[in-house]
Amino acid sequence: MTRFWHGLAAVAALLFVAAAAPAGAASDMQQFLAVQNAARAALRLPPLIWDAKIARYAAWYANQRRRDCELEHSNGPYGENIFWGSGDGWTAAQASATWVSERRDYNYYANSCSYGQECGHYTQIVWRGTRRIGCARAVCGGGRGVFMVCDYYPPGNYVGEKPY
């Protein structure tokens, strides 16, 4: 349990630093990686590696959602986490931290989420076999908010398998 709390402290520190970072694709990449890799490090899992091909796919999909900002998955070849927030100020670090925060609702021993809660975003991030990641952020038209997506390869969240 101590290791988990230490990991959460690291994520919180990274969120604070990353949220103050300037906007832009390179900053977004660093923020997505920093927060998600901190969650993996807390479990002694290898870090995710940024993959330009996967990032292009994520950017393509985020641009599709730019028009309507709907929380719909791409149903593509990757594992996928999606995020929407109202307004245009949401950062990659905040989206990643939201996904990682689902840790509180994941029970490793039962390999399930707390009743009525989501934890699949978290389990995808810490899926042991996942090695590569690509993400994108798009501000939606008409001031409808920010849509973010991270795609993972190989995908995780197989029914009946534990993430780590």
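This is a predicted model: local features need pLDDT of at least 70, side-chain atom pairs count only at pLDDT 80 or more; totals for chains, interfaces and linings use all residues.
Which residue in S6 does Asn81 stand opposite?

The secondary structure of the protein chain amounts to 5 helices and 6 strands. Along the sequence, these elements follow the pattern α-α-β-α-β-α-β-β-α-β-β. Of the 164 residues in the chain, 45% count as buried. Among contacts with a separation of 6 or more, 69% are made by residues 24 or more positions apart.

The sheet may be considered next. An open sheet is formed by 4 strands in the order S1-S5-S6-S2, and its pairing is mixed. Strands S1 (49-50) and S2 (79-85) stand at the edges; each has a single partner strand, so one side of each is left without a neighbour in the sheet. In general, strands of a sheet pair through backbone hydrogen bonds, either parallel or antiparallel.

The pairs can now be followed across the sheet. S1 and S5 run parallel and are joined by 2 bridges; here Trp50 has Ile133 in S5 as its bridge partner. S5 and S6 run antiparallel, with 9 bridges between them, and Cys135 has Cys150 in S6 as its bridge partner. The hairpin of S5 and S6 has 4 residues between the strands, and within this hairpin Gly142 takes a positive phi near 70°. Finally, S2 pairs with S6 (residues 145-153) in the antiparallel sense over 7 bridges. The opening question is answered in S6: Asn81 stands opposite Cys150.

Helix H3 (residues 52-65) packs on this sheet and touches S1, S2, S5 (132-140) and S6; the direction of H3 makes about 25° with that of S5.

Another helix, H2, covers residues 25-41 and includes Asp28. The 17 residues of H2 should span 24 Å at 1.5 Å a residue, and this agrees with the helix because its end C-alpha atoms are 24 Å apart. Several residues of H2 are buried, including Ser27, Asp28, Phe32, Leu33 and Val35.

What is the nearest side chain of opposite charge to Asp28? It is that of Arg137, 4.9 Å away. A salt bridge requires a side-chain nitrogen of Lys or Arg within 4 Å of a carboxyl oxygen of Asp or Glu. Asp28 is therefore buried yet without a salt bridge. When neighbours within four places in sequence are left aside, Asp28 is in contact with Ala92 and Arg137.

Notes. Residues are numbered from 1 along each chain as its sequence is written. Side-chain values use heavy atoms; hydrogens and water are left out. Two strands pair if DSSP finds at least two bridges between them. Contact means heavy atoms within 4.5 Å. Axes are lines fitted to C-alpha atoms, for helices over the stretch in contact, and angles run from 0 to 180 degrees between N-to-C directions. Buried means under 20% relative accessible area, exposed over 50%, partly exposed in between (1.4 Å probe, protein chains only). Lys and Arg count as positive and Asp and Glu as negative; His and the chain ends are not counted. The expected span of a helix is 1.5 Å times one less than its number of residues.
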